Every structure is written in structure tokens, then in C-alpha cells.
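Subject: Structure handover

Hello,

Here is the structure you are taking over. Please open it first and keep it beside you while you read the notes below.

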Amino acid sequence: MSRDMMSAFELYQPDSVQGAIDLLTKFGKDGWALAGGNDSFDWFKDRIKRPKYVVDLGGIAALKGIREVDGGVEIGALTTLTEIQNSEVIKSKYKVLADAAGRVASPQIRNSGTIGGNVCQDARCWYYRYGVNCYRAGGNTCFADTPQGQNREHCLFGASRCVAVTPSDTAPALVALDAKMVVLGSKGQREVKAEEFFIGPNVDIQRMTVLEKGEVLTAIKLPADWAGARFYFEKVADRNTWDFPLVNIAAAIKVSGAAGSEKIDAIRIAAGAVQCVPRRLTVVEEVVTGQPKTEDTAKLAGQSAVRGATPLNFNHFKIPLLQNLVTRAIRDA
Ligand SMILES: Cc1cc2nc3c(=O)[nH]c(=O)nc-3n(C[C@H](O)[C@H](O)[C@H](O)COP(=O)(O)OP(=O)(O)OC[C@H]3O[C@@H](n4cnc5c(N)ncnc54)[C@H](O)[C@@H]3O)c2cc1C
Ligand code: SF4
């Protein structure tokens with residue numbers, strides 16, 4: 001009797017970043033970088049992605065750990081979400097990231113899931129994950145954006161043939177913190193701002209990030225500027241056990257003045273699961289900067305966050321959800 005099995009692949013376990021880059025460059029589109037495997041193994045076991053060569057980054061010590069550098073922090077891409085959630089330095093300087101990491105999935109997934117894998121994970125649209133030949137999979141239809149399509153989890157902004165969203169909880173926190181993503185490939189190293197690292201379907205419908213085949217995210221740098229600011233992270237999901245965000249919000253805010261008469265001096269705020277990329281809410285930032293940190297300002301911020309939202313058939317609920325999360329972020333940070 002023959003059975004349909006997960007496709008075999010050759011496994012490579014380099015112990016240096018350069019070794020990994022060399023292998024991934026050589027394998028090109030047939031290669032796959034593996035971190036904790038939580039996203040990757042779903043694809044492999046469902047037989048939807050069938051790489052010939054898998055390059056396991058897990059043995060590369062240089063990609064792991066949290067280091068204080070120039071008043072900021074550098075996090076190796078292979079650092080687990082549990083380490084970030086529990087790190088004293090992250091909790092004291094960049095609590096928004098510790099909170100976001102702590103809301104990802106389940107403890108078991110956070111123990112093996114890495115920050116690099118969390119920001120590089122693919123879209124969770126069920127049609128795409130089931131292997132249908134939609135735009136993102138190389139076909140010529142979006143099955144979610146039809147009158148009866150299951151699009152409850154999909155986008156409010158930035159649709160461009162594909163209406164999938166970023167499923168990452170840590171990505172909006174990194175945008176709020178103005179993080180820099182360190183990318184290494186055969187052509188050398190570059191640093192990309194977090195908000196430019198994520199790309200929408202208008203740029204490339206088959207990628208979620210700027211990473212080209214053969215490139216590896218090696219580290220994430222959190223700048224000193226936002227260390228110790230006021231922070232807010234909140235995620236709403238269907239269930240409080242492991243589940244992807246319906247909407248999440250991450251904010252970093254600097255205030256001045258005495259309690260009760262505080263003024264917002266600077267802010268960065270981003271929402272996840274409303275667009276294919278973490279949506280930096282620049283309109284909100286403009287509306288609240290220089291304003292008193294009051295209930296009225298918070299309400300105005302919430303209203304401005306949803307301007308231009310274009311819901312699909314089944315995700316109208318995301319509009320008041322986003323509005324309320326933004327209001328709470330400004331009020332309660
Ligand atoms: C049941 C379940 C529930 C989940 N719930 C949530 C949730 O609530 N919130 C949330 O944010 N996520 C959630 N996830 C996603 C999960 O957090 C991510 O899949 C996980 O963090 C990925 O990390 P990993 O190290 O296991 O990545 P892997 O599966 O190893 O990699 C994921 C992808 O990133 C690429 N990659 C990984 N590291 C690098 C690198 N350094 N450079 C270049 N490419 C790289 C891989 O090639 C692959 O394409 C859930 C996943 C599951 C299975
Ligand atoms: S939303 Fe994107 S991933 Fe989902 S079916 Fe449409 S094209 Fe495919």
C-alpha cells in the first residue's frame with residue numbers, strides 16, 4: 001500500500017551564519033531557512049511547500065541572545081519568544097515587546113518559536129494554507145475576497161488582489177519601537193527599518209518581507225531613543241488560549257508634565273492584523289502629538305485610526321475594534 005507522505009528533504013545544519021548564507025544562496029528557490037519550525041513544519045506536513053533543501057539555523061550560536069548595545073538592545077533572530085518575554089532588560093526598557101512576545105500562541109510554541117520566525121512567518125489565510133491556487137500561491141484568484149469568502153480575519157487597509165494580513169504579534173511592537181532589522185545575504189549586510197521590512201501585495205504578492213531567497217535575518221536592533229518610554233500592547237483574538245490576533249495594537253509614547261495634566265510629546269503606534277504589513281498609524285501620531293493626554297484626545301485618536309478603512313463582507317467588526325484599541329492605547333499607556 002502506498003501512502004501520501006511528507007516530502008523528503010536534505011537537512012543541513014551549519015554552525016556559522018556564513019555557512020547558512022552559502023547554502024541558501026546555492027539552493028535558491030529550492031532552499032528553506034528553518035528556525036523553530038512552528039510555521040515551516042505546518043507547510044511541510046500539509047505538503048503545500050516542498051523544499052528540497054532545509055537549512056536549520058538552530059545550531060548557529062551567533063544568531064541567539066539579547067545584548068545591550070549603545071543604550072539600546074540587539075536581539076539575535078534565533079532568540080526564542082519565551083526568552084524575550086522573560087528578559088529583564090527587555091521588560092525594563094521595551095516592555096511592549098516583552099508583552100507582545102508573551103501573547104504569541106502558547107507557551108510550547110513560544111519555547112521553540114523564534115523572534116525571526118515570528119516576523120518572517122507567512123500569511124495565515126485559510127485558503128492559502130489549504131493549498132488553493134490563489135494569487136499569493138501563484139494563481140489568478142483571491143478566494144477570500146468574494147461575496148461568500150471567509151474573510152473575517154482579513155484586511156481593512158492596503159488590499160491589492162490579496163487581502164491577507166500580517167499575523168505576527170511582535171511585528172507591530174517592533175514598528176512602534178522603530179527597530180532596525182539586520183539582513184545578511186551573499187551581497188553583504190543591510191539594515192532595514194522594521195516598517196520597511198514588511199511588504200504588501202502591491203510590492204510582491206508572494207512575499208511578506210523584503211528578504212530575498214538566500215537572505216537571513218540575523219538580528220533586530222532596538223534603538224536607545226525609545227528605551228523606557230510609556231508602552232501599550234493589547235491583542236484581541238477569538239480565544240484567550242493560543243490564537244492569532246484579530247487586531248493587535250502596540251504603542252510607544254513619551255509624555256511630559258505632572259500626572260493629571262500630561263502632554264504627549266512623541267508617539268509611535270502600529271496595528272497588526274488589519275493590513276498585510278503592520279500598519280503604522282501616522283495619522284494618529286499627528287493628531288495626538290503635542291496634545292494633552294486626555295480621554296478626548298484618546299477618542300479622537302481612535303476615530304482617526306479607522307479613517308479610510310475598507311471592510312470586506314465579514315470583517316466590519318474590526319473597525320470598532322481597532323478604534324477602541326487605539327483609544328485605550330492613548331488613554332492607558
Ligand atoms: C498553533 C499556532 C498558533 C500560533 N499563534 C500565533 C499568535 O498568536 N501570534 C503570532 O504572532 N504567531 C502565532 N503563531 C505563529 C508562530 O508564532 C510562528 O510561527 C513562530 O513564531 C515562528 O517561529 P519559528 O522560529 O518556529 O519559525 P519557522 O517556522 O522556523 O520559520 C517561519 C518562517 O520564517 C522563515 N525564517 C525563520 N527565521 C528566519 C531568519 N532568521 N531569516 C530568514 N527567514 C527566517 C522561515 O524560512 C519560515 O518561512 C502560531 C503558530 C501556530 C502553529
Ligand atoms: S487573501 Fe491572499 S492568501 Fe488569501 S486567498 Fe486571497 S490571495 Fe490568497
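Glu234 counts as buried, because its relative accessibility is 18% and the cut-off for buried is under 20%. Please keep in mind that this is a predicted model. Glu234 sits in strand E9, which covers residues 230-236. Its side chain makes two polar contacts that you can look up. One is with the side chain of Tyr232, at 2.5 Å. Another joins the side chain of Glu234 to that of Arg328, at 2.7 Å. If neighbours within four places in sequence are set aside, Glu234 is in contact with Val247, Asn248, Ile249, Leu325 and Arg328.

**Ligand 1**

Which residues are closest to ligand 1? They are Ala33, Gly36, Thr114, Asp169 and Asp243, out of 33 residues that surround the ligand. Sorted by class, this shell has 17 nonpolar, 11 polar and 5 charged residues.

Several elements contribute to the shell. Strand E2 (31-34), helix H2 (40-45), helix H7 (115-120) and strand E8 (216-222) each supply at least two residues. The element that gives the most is H7, with 4 residues.

An oxygen atom of ligand 1 lies 2.8 Å from a polar backbone atom of Ser40. For Ala105, a polar backbone atom is 3.1 Å from an oxygen atom of the ligand. With Asp169 the side chain is involved: one of its N or O atoms is 2.7 Å from a nitrogen atom of ligand 1. On its own, ligand 1 has 970 Å² of accessible area, and the protein covers 93% of that.

**Cysteines**

How many disulfides does the structure hold? The number is 0. Take Cys120 as an example: the closest cysteine sulfur belongs to Cys276 and is 14 Å from the sulfur of Cys120, so the two are too far apart for a bond. The cut-off for a disulfide is 2.5 Å between the sulfur atoms. Cys120 counts as partly exposed, because its relative accessibility is 32%. Cys134, on the other hand, is at 7% and so counts as buried.

**Leu11**

Leu11 is found in strand E1, residues 10-12. Is Leu11 buried, partly exposed or exposed? Its relative accessibility is 46%, so it counts as partly exposed. Leaving out residues up to four places away in sequence, Leu11 touches Val54 and Asp56. Thr166 is 155 residues from Leu11 along the chain, and the C-alpha atoms of the two are separated by 28 Å.

**Two residues with positive phi**

Most residues other than glycine have a negative phi. Arg47 has a positive phi, near 60°, and is not a glycine. Arg47 lies in the loop between H2 and strand E3 (53-56), and at 26% relative accessibility it counts as partly exposed.

Asp178 also has a positive phi, of about 60°, although it is not a glycine. Asp178 lies in the loop between helix H9 (170-176) and strand E6 (180-185). Asp178 is buried, with a relative accessible area of 14%.

Regards

Terms used: Residues are numbered from 1 along each chain as its sequence is written. Chains are lettered from A and ligands numbered from 1 in the order in which they are written. This is a predicted model: local features need pLDDT of at least 70, side-chain atom pairs count only at pLDDT 80 or more; totals for chains, interfaces and linings use all residues. Side-chain values use heavy atoms; hydrogens and water are left out. A residue is near a molecule or strand if one of its heavy atoms lies within 4 Å of it. A polar contact is a pair of N or O atoms within 3.5 Å; within protein, one must be able to donate a hydrogen and the other to accept it, and residues adjacent in sequence count only if both atoms are side-chain atoms. Accessible areas come from the Shrake-Rupley method with a 1.4 Å probe; for residues, only the protein chains shown count as cover. Ala, Val, Leu, Ile, Met, Phe, Trp, Tyr, Cys and Pro count as nonpolar, Asp, Glu, Lys and Arg as charged, and the others, Gly among them, as polar. Buried means under 20% relative accessible area, exposed over 50%, partly exposed in between (1.4 Å probe, protein chains only). Contact means heavy atoms within 4.5 Å.
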